[in-house]
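This briefing is intended for a reader who is meeting the structure for the first time.

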Amino acid sequence: MIENAGGYYLSQFKKVIDDRVSLVYCDFPMNWTKRAERKETLEYCSELQSFLLRNLWEEAILIAVHPVSHSAV
């Protein structure tokens, strides 16, 4: 988790707001090329976003999903 990072936010009133944000990142062991695994991950992210919006005092919550590759050293 990276706390108090600088960022900009476009409010629902179309105003750009200089904001402090927390970045939370995690890694899922999955095969992004398999449709069922990708669907499950995206559904989880959608449910997580809904939960956070209900339980935090935030106007918006962005969740980004991107495949990454790991290499053994």
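Among contacts between residues at least 6 apart in sequence, 18% join residues at least 24 apart. The model under discussion is predicted. Its protein contains one helix and two strands, and these elements follow the order β-β-α from the N terminus.

**Overall form**
- The radius of gyration of the protein is 15 Å, whereas a compact globule of 73 residues would have a value near 11 Å.
- The C-alpha trace spans about 40 × 30 × 20 Å along its principal axes.

- Of the 73 residues, 8% count as buried.
- The protein exposes about 6,900 Å², and carbon and sulfur atoms supply 56% of this area.

**Cysteines**
- The whole structure has zero disulfides according to the search.
- The closest cysteine sulfur to that of Cys26 belongs to Cys45 and is 7.2 Å away, so the distance is too far for a bond; a disulfide requires the two sulfur atoms to be within 2.5 Å.
- Cys26 counts as exposed because its relative accessibility is 60%, while Cys45 is buried, with a relative accessible area of 11%.

**Setting of Cys26**
- Cys26 lies in the loop between strand E2 (16-23) and helix H1 (35-55).
- Cys26 and Leu10 are 16 residues apart along the chain, and their C-alpha atoms are separated by 25 Å.

Key. Residues are numbered from 1 along each chain as its sequence is written. This is a predicted model: local features need pLDDT of at least 70, side-chain atom pairs count only at pLDDT 80 or more; totals for chains, interfaces and linings use all residues. Side-chain values use heavy atoms; hydrogens and water are left out. Buried means under 20% relative accessible area, exposed over 50%, partly exposed in between (1.4 Å probe, protein chains only). Helices (H or I, at least four residues) and strands (E, at least two) are DSSP runs, numbered from the N terminus. The radius of gyration is taken over C-alpha atoms; the globule rule is 2.2 Å times the number of residues to the power 0.38. Contact means heavy atoms within 4.5 Å. Accessible areas come from the Shrake-Rupley method with a 1.4 Å probe; for residues, only the protein chains shown count as cover.
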